[in-house]
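Welcome, and thanks for joining this short tour. Open your viewer, get ready to select residues by number, and follow the stops below.

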Amino acid sequence: MDLLNRIDEVRAQLQNDIQQVGADPQAAENLRIKYLGKKGLISVLFADFNSIPAEQKPQIGRVLNILKKDAEARIQALSEKLKATSSQDEFFDYSLPGLTPAVGHLHPITQTLNRVIAIFREIGFVVEFGPEVETDYNNFQALNFADDHPARDMQDTFFIDEKRLLRTHTSPIQIRTMLKKKPPIRILAPGRVYRNEAINPRSHCVFHQVEGLYVDENVTFSELKTTLEVFAWRFFGADVKTRFRPGFFPFTEPSAEMDISCFICAGKGCRLCKYTGWLEILGCGMVDPNVFKNVGIDPEKYTGYAFGMGIDRTALLKYGIGDIRLYFDGDVRFLEQF
Ligand code: PHE
């Protein structure tokens, strides 16, 4: 039989063999030996090629080379395909424990805020929010800060321009709420506040407050006191004692600061309470009539109380955290503890 016909025959046979291959990963190697091995069918064709007349060599040589290249490529492809499918059939132990995905949780500040909110919600307070970029009017002027009040000083306030600033407390939310709602008003306003202060273990230029405001007819200071006492017992525990000291805020009159007995030393005096036995946790007071006038509420008819509590320090006390800067580092070794 002439060489060209034998080449055709080997090509057809290869085609046939490839189609018949099952899933045995050895099959590709067997085919490689059968066709391309030393004594393989194609190698034999090459051996016979040497003895054909020289003038036939260029044409038949080309056909023969194409067959060889084609066979190599197809056997290689077959081998890869068999390997890929066979690895899926490898033994898999379905009883192995799965990979547990890491689950995040709320930041300790958020958890503390949520607890404060939950306690006040039970007695009818609703949550209000305000923007962190505020007007000088809402942050200071409407809250009865005199034009030359030291809190407006560049040292405390981050000004954006003449009229806008980063709010220095959550009290502007009092103004925003009273401008859009009529009494009775009973709101709780959590949020981030900013003050241009040196960053150290006890203070930061960014922190969080919760503002409370209650406006209605006949709201009294004793209601304020009772509400905050009940809050302190629920938040810090029933043995905690409270005391109110006179204070000053431009937007409340009279004003007070509330302390709780140190829960580390139970009032005996320790490092946390600086040996005073007391920890200061919030500022409060009766809404100043000037503030009511600024928002168009009749101070003859209505009275109200307000309070503002720092959350970061409260959480610091509650969880016994030694450094306020840890809140913002985003270090999971710290955050995972809460
Ligand atoms: N806004 C005050 C502060 O940041 C706290 C405060 C709020 C005091 C409401 C009285 C009433 O210090």
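**Stop one: the ligand**

Select H169 and the ligand together: a polar atom in the side chain of H169 lies 3.0 Å from a nitrogen atom of the ligand. Keep in mind as you look around that this is a predicted model.

Then pick Q209, whose side chain has an N or O atom 2.9 Å from an oxygen atom of the ligand. How much of the ligand's own accessible area does the protein cover? On its own the ligand has 330 Å² of accessible area, and the protein covers 90% of that.

Now show the whole shell. There are 14 residues around the ligand, and those that come nearest are H169, S171, R195, Q209 and G308. The space that the ligand takes is the largest pocket. Colour β5 (206-216), β8 (278-287) and β9 (303-310), the elements that each give two or more residues to this shell. Which of them gives the most? That is β9, with three residues. If you colour the shell by residue type, you will find seven polar, five nonpolar and two charged residues.

**Stop two: N290**

Move on to helix α9 (residues 289-294) and select N290. Is it buried, exposed or partly exposed? N290 counts as partly exposed because its relative accessibility is 33%, and that falls between the cut-offs of 20% and 50%. Then select T252, which is 38 residues from N290 in sequence but 9.2 Å away in space, C-alpha to C-alpha.

Before you select anything here, a bit of background: most peptide bonds are trans, and most residues other than glycine have a negative phi.

Zoom in on P183 and P184, which are joined by a cis peptide bond with omega about 0°. P184 sits in the loop between α7 (172-180) and β4 (185-194). Another cis bond runs from E253 to P254, with omega near -5°, and P254 belongs to strand β7 (residues 252-261).

Finish in the loop between β7 and β8 by selecting K274 and Y275. K274 is not a glycine, yet its phi is positive, about 50°. Y275 also has a positive phi, near 60°. K274 counts as exposed because its relative accessibility is 67%, and Y275 counts as exposed at 61%.

Note on methods:
Residues are numbered from 1 along each chain as its sequence is written. This is a predicted model: local features need pLDDT of at least 70, side-chain atom pairs count only at pLDDT 80 or more; totals for chains, interfaces and linings use all residues. Side-chain values use heavy atoms; hydrogens and water are left out. A residue is near a molecule or strand if one of its heavy atoms lies within 4 Å of it. A polar contact is a pair of N or O atoms within 3.5 Å; within protein, one must be able to donate a hydrogen and the other to accept it, and residues adjacent in sequence count only if both atoms are side-chain atoms. Accessible areas come from the Shrake-Rupley method with a 1.4 Å probe; for residues, only the protein chains shown count as cover. On a 1 Å grid over the protein atoms alone, a cavity is a set of points where a 1.4 Å probe fits but cannot get out, and a pocket is an open set with protein on both sides within 12 Å along at least five of seven lines; lining residues have an atom within 4 Å of a point. A molecule sits in a cavity or pocket if more than half of its atoms lie within 2 Å of its grid points. Helices (H or I, at least four residues) and strands (E, at least two) are DSSP runs, numbered from the N terminus. Ala, Val, Leu, Ile, Met, Phe, Trp, Tyr, Cys and Pro count as nonpolar, Asp, Glu, Lys and Arg as charged, and the others, Gly among them, as polar. Buried means under 20% relative accessible area, exposed over 50%, partly exposed in between (1.4 Å probe, protein chains only).
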